[in-house]
Amino acid sequence: MIQKKINLREDDPDIYMTTYLSELKSTPYDAMLVIPGGGYYDVCADREGEPIALAYMTAGFNAFVLHYSVKEKAVFPRSLCDASLALSYIRAHAEEFNINPDRIFVVGFSAGGHLAGSLGVMWDIPEICEITGIEPGSNKPNGVVLGYPVVSGKRCATHLGSFQRLLGKNDPTDEELELYSLENHVKAETAAPMFAFHTATDPVVPVASPLLLALAYAKAGLPFELHVFPQGPHGLALANRATSHGNPNIESRVSSWVSLSVDWIKGL
């Protein structure tokens, strides 16, 4: 396995991605950009970074784990610019990474799911290219996989802390919360295909969150796949011993999400 750290911003050493590349020479691999969660306060790479990258490597992908802007630096669109820089870099270096530039996917969890989903539906907002200097469209993923994602600012569905950090304020109005609600940005002409999974009993991010996004995809006539498992806490990651870290984060049914997402990707 080829592992190396790639800095994405000259002005910020905390913004980088780590490669997980097969040393086997073969036809180009599909690529997976992994975006860990952490409420836009932290990057939970120990559970939602490397273990996810290795799971997708096992399934035949070359993978990359992103460390993006959090805390006071997370104010929109900073983190989306980081993710855009990462995806654009992967595409520009497709030959070096032995990947198919037309088969680059992104998987994100919790607030990282919001960031992955933002790449899927807001990759084309003009300020991203203006700020980063990337080529328009070079940051569009070919599909997004969202694990128990933060999606909406609606009070019935939100994880308020994530939106507080996106907005840079502790008391956002309902109108401000709607600004970065993903379901409001789904356009039939531009949104990437979406796969999502959640649990009905998630106590941190209500299951209404991915349901709202799925409804927006359905209204736009866009392809998506949604799995709502009957039980499980927030932050399951792989939902097996590898990512349980001694917590009761093992749900055998939920652990099927990786193979389900791989099958979905193969069908695109």
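Modeller: A residue counts as buried under 20% relative accessible area, as exposed over 50%, and as partly exposed in between. Keep that in mind as we look at this structure, which is a predicted model.

Biologist: Thanks! Let me try the scale on one residue: is D124 buried, partly exposed or exposed?

Modeller: D124 has 29% relative accessibility, so it counts as partly exposed. K187, at 33%, is partly exposed too.

Biologist: Which residue forms a salt bridge with D124?

Modeller: That is K187, and the closest N and O atoms of the pair are 3.8 Å apart. A salt bridge here needs a side-chain nitrogen of Lys or Arg within 4 Å of a carboxyl oxygen of Asp or Glu. K187 sits in the loop between α8 and β7, and D124 in the loop between α5 and α6, so the pair ties together parts that are 63 residues apart in sequence.

Biologist: How many salt bridges does the structure hold?

Modeller: There are nine. One of them joins the side chains of R103 and D30, at 2.9 Å from N to O. R103 belongs to strand β5 and D30 to strand β3, and 73 residues separate them. Elsewhere, K169 bridges to E176, with the closest N and O atoms 2.8 Å apart; K169 is partly exposed at 30%. Salt bridges can also connect into a network, as they do for D12, D14, K73 and R78.

Biologist: How do I read the pairing, parallel or antiparallel, for β3 and β5?

Modeller: Follow the direction of each strand: β3 (residues 29-35) and β5 (residues 99-109) run parallel and are joined by six bridges. Within that pair, V34 stands opposite V107. For antiparallel cases, look at β1 and β2, joined by three bridges, where I6 faces M17. Then move on to β2 and β4, which pair in the antiparallel sense over five bridges, with T18 opposite V65.

Biologist: Which residues of β2 lie on one side, and which on the other?

Modeller: Start from the general idea: side chains in a regular strand alternate between the two faces of the sheet. In β2, Y16, T18 and Y20 are on one side and M17 and T19 on the other, and all are buried. That makes five buried residues of five in β2.

Biologist: Last one: which residues does H227 touch?

Modeller: H227 is in strand β8. Leaving aside residues up to four places away in sequence, H227 touches F195, A196, F197, H198 and L260. The side chain of H227 also makes a polar contact with that of E225, at 2.6 Å.

Note on methods
Residues are numbered from 1 along each chain as its sequence is written. This is a predicted model: local features need pLDDT of at least 70, side-chain atom pairs count only at pLDDT 80 or more; totals for chains, interfaces and linings use all residues. Side-chain values use heavy atoms; hydrogens and water are left out. Two strands pair if DSSP finds at least two bridges between them. Helices (H or I, at least four residues) and strands (E, at least two) are DSSP runs, numbered from the N terminus. Buried means under 20% relative accessible area, exposed over 50%, partly exposed in between (1.4 Å probe, protein chains only). A polar contact is a pair of N or O atoms within 3.5 Å; within protein, one must be able to donate a hydrogen and the other to accept it, and residues adjacent in sequence count only if both atoms are side-chain atoms. Contact means heavy atoms within 4.5 Å.
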